[in-house]
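Here are my notes on the helix packing and the core. Please read them with the coordinates open.

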Amino acid sequence: MANHPSAIKRHKQSEKRRLRNRSEKAALATQLKKARSEIEDKKAAPAAGEVRNAVSALGKAASKGILTKKTAARRISRLMKRAAKTA
């Protein structure tokens, strides 16, 4: 455990961020799962319903720093590619 006051503060802050990011990532995973199931049910046009929500959630996660921008872009690309195949 940290001994200096500044290190203790940094540890507390990192712990808060870790917990927040964990819940955000879980919500994001749920969004992606819904979008993928919609695609598999062949209901998804690339710009409709759950796919659109998942793309939006990925963009927000990237802007908040939960995911890196390239990771979000890669996931969006793969999701849209899947949606386009079924459409």
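1. H2 against H3. The axes of H2 and H3 come within 9 Å and cross at roughly 170°. Angles over 145 degrees count as roughly antiparallel. H2 and H3 are therefore roughly antiparallel to each other. This is a predicted model, and the values below should be read as such.

2. Residues between H2 and H3. On the H2 side, the contact uses Val51, Ala54, Val55, Leu58, Gly59 and Ala62. On the H3 side, the partners are Lys69, Ala72, Arg75, Ile76, Leu79, Met80 and Ala83. By class, the contact of H2 with H3 has ten nonpolar residues, one polar and two charged.

3. H1 against H2. Here the axes of H1 and H2 cross at roughly 155° and come within 8 Å. That angle makes H1 roughly antiparallel to H2. The crossing of H1 past H2 is left-handed.

4. Residues between H1 and H2. H1 contributes Glu24, Leu28, Gln31, Leu32, Lys34, Ala35, Glu38 and Ile39. They meet Gly49, Glu50, Val51, Asn53, Ala54, Ala57, Leu58, Ala61 and Lys64 of H2. The residues of the contact of H1 with H2 divide into nine nonpolar, three polar and five charged.

5. H1 against H3. The axes of H1 and H3 are 10 Å apart, at an angle of about 20°. Angles under 35 degrees count as roughly parallel, so H1 is roughly parallel to H3. H1 passes H3 in a left-handed crossing.

6. Residues between H1 and H3. From H1 come Leu28, Leu32, Ala35, Arg36 and Ile39. From H3 come Arg75, Leu79, Arg82, Ala83 and Thr86. The contact of H1 with H3 comprises six nonpolar residues, one polar and three charged.

7. The core. Which residues touch the most other members of the largest nonpolar core? They are Leu28, Leu32, Val51, Leu67 and Leu79, out of 14 residues in this core. Helix H1 (5-40), helix H2 (49-64) and helix H3 (69-86) each give two or more residues to this core. H2 gives the most, with five residues. As background, nonpolar side chains tend to be buried together in soluble globular proteins.

8. Leucine 79. This residue is worth a look in the viewer. Leaving out residues up to four places away in sequence, leucine 79 touches Leu32, Ala35, Arg36, Ile39, Val51, Ala54 and Val55. Leu79 is listed in the contact of H3 with H1. Leu79 is also listed in the contact of H3 with H2.

9. Leucine 32. Is leucine 32 buried or exposed? Leucine 32, in helix H1, has a relative accessible area of 5%, so this residue is buried. With residues up to four places away in sequence not counted, leucine 32 touches Ala54, Leu58, Arg75 and Leu79. Leucine 32 and arginine 75 are 43 residues apart in sequence. Their C-alpha atoms are 9.3 Å apart in space.

10. Arginine 22. Arginine 22 is also a residue of helix H1. The relative accessibility of arginine 22 is 54%, so arginine 22 counts as exposed; the cut-off for exposed is over 50%. Between arginine 22 and isoleucine 39, the C-alpha separation is 26 Å. These two residues are 17 residues apart along the chain.

11. Alanine 29. Helix H1 holds alanine 29 as well. Is the relative accessible area of alanine 29 enough to call the residue buried or partly exposed? At 43%, alanine 29 is partly exposed. Alanine 29 and glutamate 40 lie eleven residues apart in sequence. In space, C-alpha to C-alpha, alanine 29 and glutamate 40 are 16 Å apart.

12. Threonine 30. Threonine 30 sits in helix H1. With 42% relative accessibility, threonine 30 counts as partly exposed. From threonine 30 to arginine 17 is 13 residues in sequence and 20 Å in space, C-alpha to C-alpha.

Definitions and conventions
Residues numbered from 1 in each chain as written. Predicted model: local features only at pLDDT ≥ 70, side-chain atom pairs only at ≥ 80, totals over all residues. Heavy atoms only, no water. Core = buried A, V, L, I, M, F, W, Y, C linked by side-chain atoms within 4.5 Å. Buried < 20%, exposed > 50% of the residue type's maximum accessible area, 1.4 Å probe, protein only. Helix = DSSP H or I, 4+ residues; strand = E, 2+ residues; numbered from the N terminus. Contact = heavy atoms within 4.5 Å. Axes fitted to C-alpha atoms, helices over the stretch in contact; angles between N-to-C directions. Parallel < 35°, antiparallel > 145°, perpendicular 65-115°, else oblique. Left-handed = near helix turned anticlockwise from the far one by under 90°. Nonpolar A, V, L, I, M, F, W, Y, C, P; charged D, E, K, R; others polar.
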